Amino acid sequence: MAEAAIELIGIDKSFGPVRANRDIHLEVPRGTIHGIIGENGAGKSTLMSILYGFYQADSGEIKVGGKPTAIKSPNDAIAVGIGMVHQHFMLVENFTVIENVILGAEGEALLNTSIAKARSELHRLEKEYGLEVDPDAVIEELPVGLQQRVEILKALYRGAEILILDEPTGVLTPAEADHLFRILRQLKEQGKTIVLITHKLREIMAITDNVSVMRQGTMVATRATARTTVEELAELMVGRRVLLRVEKGPARPGDVKLDVSGLTVKDSRGVTMVDGVSFNVRAGEIVGIAGVAGNGQSELLEAISGIRKAVAGKVLLDGSPVDVSGLTDPGDLRDRGLAHVPEDRHHVGLVLPFEENENSILGYHDEDQYVNGPFLDIPAILKSAESQIEKYDIRPPNPRLKTANFSGGNQQKIVLAREMEQDPGVLIVGQPTRGVDVGAIEFIHKRLIAMRDAGKAVLLVSVELDEIRSLSDRILVMFAGRVVGERGPDATEGELGLLMAGVEEKEAAE
Amino acid sequence: MSTPYAKLPRWVDYGLIPAINLAVAFFVAGLVVMLVGENPLSAAVILVDGAFGGGQNIAYTLFYATNFIFTGLAVAVAFHGGLFNIGGEGQAYIAGLGVAIVALSLDSVFPWWINFPIAILASAAVGAFWAFIPAYLQAKRGSHIVITTIMFNFIAASTMVYMLVDVLKPAGSMAPQTRTFLDGAHLPKLNWLLEAVGLSVRSAPLNITFLLALVMAFLVWLLIWRTKLGYEIRTFGYSPKAARYAGIREARIIIVTMVISGALAGMMALNPIMGDQHRVALDFVTGAGFVGIAVALMGRSHPAGIVPAAILFGMLYQGGAELAFEMPNISRDMIVIIQGLVILFAGALEHMFRPWVQTVFATLAPRAAGVPATSGEGA
Amino acid sequence: MEAWTALIQILDATIRVSVPLLLACLAGLYSERAGVFDIGLEGKMLAGAFVGAAAAATAASAAFPGAAWLGLCAAIMISVFLALVHGFASITNRGNQIVSGVAINFIAAGSTIILGQAWFRQGGRTPALSADHRFNAIEIGTLRSYVDSFTLAFPGFPAGAAGESSFVWLARGIWVVVAYPFQLLFGTLGYLLAWVLLGVDAVVQYIPFVSDVFRELILGHSLLAYFAFTMVPFTWWVLYRTRFGLRLRAVGENPGAVDTAGISVPWLRYRAVICTGLLTGVAGTYLAVSQNAGFVKDMTAGKGFIALAALIFAKWKPVPAMFACLLFGFLEALSIRYQGLAWPGIGRVPVQFINALPFILTVILLAGFIGKAIPPRAGGVPYVKER
């Protein structure tokens, strides 16, 4: 085995009472691609942020190229040849590519010479690694894949020998992801060391040489990729057999509850995000919408639930039309039996500084059961909050506790309890298990199936393909704002993956 | 979502830290007193004695506090809706017009107990109107409410100068003010209230508006924490996105919140005009609208905090007047400095001493500092 | 001809009243482009004006040469101090930037009155500064005197009075060391300029319009006014052509990008607010030591807020900022000149209305009838590292 490019010895890191990393040991050989896998919240990003100098470890040692190195800031990391591509790109959106590349590495006080120097350097990197991008393009006008390329260029421009990529494929289509992997292999051939953080097993198997598994802040195992299996890694990740299939009987679809036709939505910049989407959801079925994040699913949900206005199209709820032009009040839709579990529970679904009981009525705060004239009926609100807490096993069971003090899974249960307990006819759910622990995922999935079996129409949007496949009775795939295909629950991952990448159905069939 | 600070016991959060912030603000104010060559401690003694040494002084202190309760509540209501109403000064000033119209036209017609409710409505309506325009412009045109309310303070000042110089000034008079009201627009004094507890009051302007201010403080509490509207205002204030999701209309909340805020600021005009001067003169607000910002921050936007904070500022105001007699280097403008320091230390530097307090607590009681908030009453 | 004279006079007044607006506006630009909102421009300007005038007056009474320059230094020091307080609150302590700005405005408003009264006892005024101790208008005559001072005074040492204290002597020495390079510079420049202008003057005196423009608009302002207008292209250059400018713009848009690039976000933002302090100090000095002969209580009278509005108008860009300030300055000049005058077709317009007009127009324009002003994306938001 080659000498170690990076060695982490006994890294510990706590945020207040939360221990994000405990006693981590890791060795990454030079010139390899090393995967770090784990669930959301396992501590992968924290560990890499420590390596990049973004946080300081509470204790432990870092060795780079065999030498003990104190990394106190990103500057120190850059100086020893560590570069990082963050999950959320650290780019200035209204700057050009070249301005972003030189930021922090300008060299001189005046820009003229540094820009000229960067231009020729970019040209060289472009040739050497196939990293093509127009140096004068403005970032916000580039597609996501190219923005990521700019991040890689930034690191290489600073002379990075060790490249950390944090969940690089989350926002990419499979085709873009394949291109990224080609680039990474090329970098490896040139002798660079790559650390790839992901929670996707497929990527680990496809590209890494070695893989380390993290669980709840600890490093549970390191394996040579060639000598492990998906099943073993999955078990190491979650600590027990993954329940990929949720127990459920066959669907008994009834009347059409939600009928969407020709729905078109633009974002604030006037870009069409949803482009003439049509589909329906019947009582007693779950319709899942799959797709890579950012292909219009979020805007679709927001338009249907009345949060965002649509520029064209029709929505029928129980056969009667909904005004989608933006004049509809989400409150009116609630009265008509449409409940919505939004994707972003921190800023949309909950008011974090509120007490739990206050959040348990959000959106239903003008229902007769909770008010007396203009006044809130506080005993009634507390009583209903307590019953939701009991039914959904929300912990700690204290309706007066501030919502910010609940864990992610329990916060999501607060939202679900509120929306489901109103006995809606139609339930719209976005990313129901994002940032939620395994136990709560199972609970939430069972609840969604129970809703279906109770004859409700459920529309589910998730970027987790497994979740879509195990819950849905019908699967729609969105790409670039359009529904590009519909499949049954038995569709294979490969089939859906092609659709998500925008490969036309005909091509896919060939 | 991470909470940037570890939990501390409630009494530390709501008692000790604000107290430290205030103490520092007053300490720095003491340095200013030293800078002008006076002794801050004797200044403080004169101040407190001037504010509370006798029924007369207490009555004056409460008279000034009345103004600050109104403007403090006005700023606080807007804070709950996530809005910063810097326009309380202008709203109170322009509301003087509402009071003037009622008093000048009805003082010979009705007794005070009929004119008072009418004047309350008039002052509230005019103040609300002055807040409505910036609110409307923020809700519908996206102009920043902080900037617009600042501009409206200047516009209100110009308008009032024009009204008092060119319109309301009685013919033949030189002073830019209205005529003196008749008895029908004089509000009854509250001196009997202090005399009832054995204090003697010669003549002080404390009047029934003080009771109105207390009623308003109660109503604001009721509104914010016990009504549907208050729930919606708070939801919007914490998270506009969550409010949209909950079917709370943004434009409506911005406008309603600002209208309530403006109405509260407007009612402040009653106190000096109908309670004391019995006419509308230039600059009768004397900065009370801005003091409201300090009062709201100090009272943490809760009426139970605002009333004592307003009394504290009333004390500074009344005591400051006494102080100016004793120490010629100090004028009432001292209150502007103190108000600025309170806004700085209780507002912008709110968390400056927190890490320090946390360290102290972690050393003294290691368990209290680290526990999750389930046991909020720990230590 | 009368209309021409009136126009020239109004434009001249416009430039005069625009200078403090422009300085404050560019001051705000540095801070806000770096993501720190600042509604405390007014307070910093006011404090600068007071301390500048107080220092100049004190120096003048001690027969200190270069009192105006001393005033400028003192004004800059106090404004930078207040800017650092704002920085400490909003950068280090992540406090609410609006609240901090409000606080600074009140602290400045109160202290200038209290200290002014305690120190000078003239109802909040500072002692009047004679023309020698101010930044005066640079006329052709001034240019000549610069030339004279250059030729006459250069080798000499300012003559000391008999029995002067060692402090004054020391100050005099410092003055010579500090100010002579300036005199040398301006003497040389003045010499060149006078040569060109006096030569030109002989030609253009028969073309009164050109001559008027030269005399009234281009000449006849104080050094600080030229400084203000020079700051416009300079600020543009800093912002778009230097490393500091690149980083400044970046930290106002996405501080995360700056942080991960190994640059300290707080230090960068502190440098931006120091620039703000510097320029508001100059703005205050202009008000109290150049445009007026001393400090008068509340002499900024809302100029800091108009500058803020101009900054929003200009969409946080330096060259449009100059035009916005000239527009507001023009309104103010108009209101000063046409108070109480009957307007054709409208009749007498109340003075107060014209006084309020800049604010009313600001509100109307802010209401979005001039397109959308998009602030720096990270503006007003304290930077917290994401977990």
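Begin by selecting helix H8 (223-241) and helix H13 (318-337) of chain C, each of which supplies at least two residues of a nonpolar surface patch. Helices here are DSSP runs of H or I with at least four residues, and strands are runs of E with at least two, numbered from the N terminus. The model is predicted, so local features need pLDDT of at least 70 and side-chain atom pairs pLDDT 80 or more, while totals for chains, interfaces and linings use all residues. Residues are numbered from 1 along each chain as its sequence is written, chains are lettered from A and ligands numbered from 1 in the order written, and side-chain values use heavy atoms, without hydrogens and water.

Next, select A:Leu110, C:Phe234, C:Trp236, C:Trp237, C:Val319 and C:Phe323, which make up the patch of about 570 Å². H8(C) gives the most, with 3 residues. A:Leu110 lies in the loop between H3 and H4 of chain A. Why is A:Leu110 partly exposed? Its relative accessibility is 42%, and partly exposed lies between buried (under 20% relative accessible area) and exposed (over 50%), with a 1.4 Å probe and protein chains only.

Now move to helix H5 (residues 144-157) of chain A, whose 14 residues reach 20 Å from first C-alpha to last, close to the 20 Å expected at 1.5 Å a residue. Of these 14 residues, 12 are buried, including A:Gly145, A:Ile152 and A:Tyr157. To see what covers them, display helix H4 (111-129), strand S7 (162-166) and helix H6 (174-189) of chain A, which are among the covering elements.

Key:
Expected span 1.5 Å × (residues − 1). Contact = heavy atoms within 4.5 Å. Patch = residues over 30% accessible without salt bridge, like charges linked within 9 Å, V, L, I, M, F, W, Y side chains within 5 Å. Areas by Shrake-Rupley, 256 points an atom, 1.4 Å probe, with all protein chains shown as cover. Salt bridge = Lys/Arg side-chain N within 4 Å of Asp/Glu carboxyl O.
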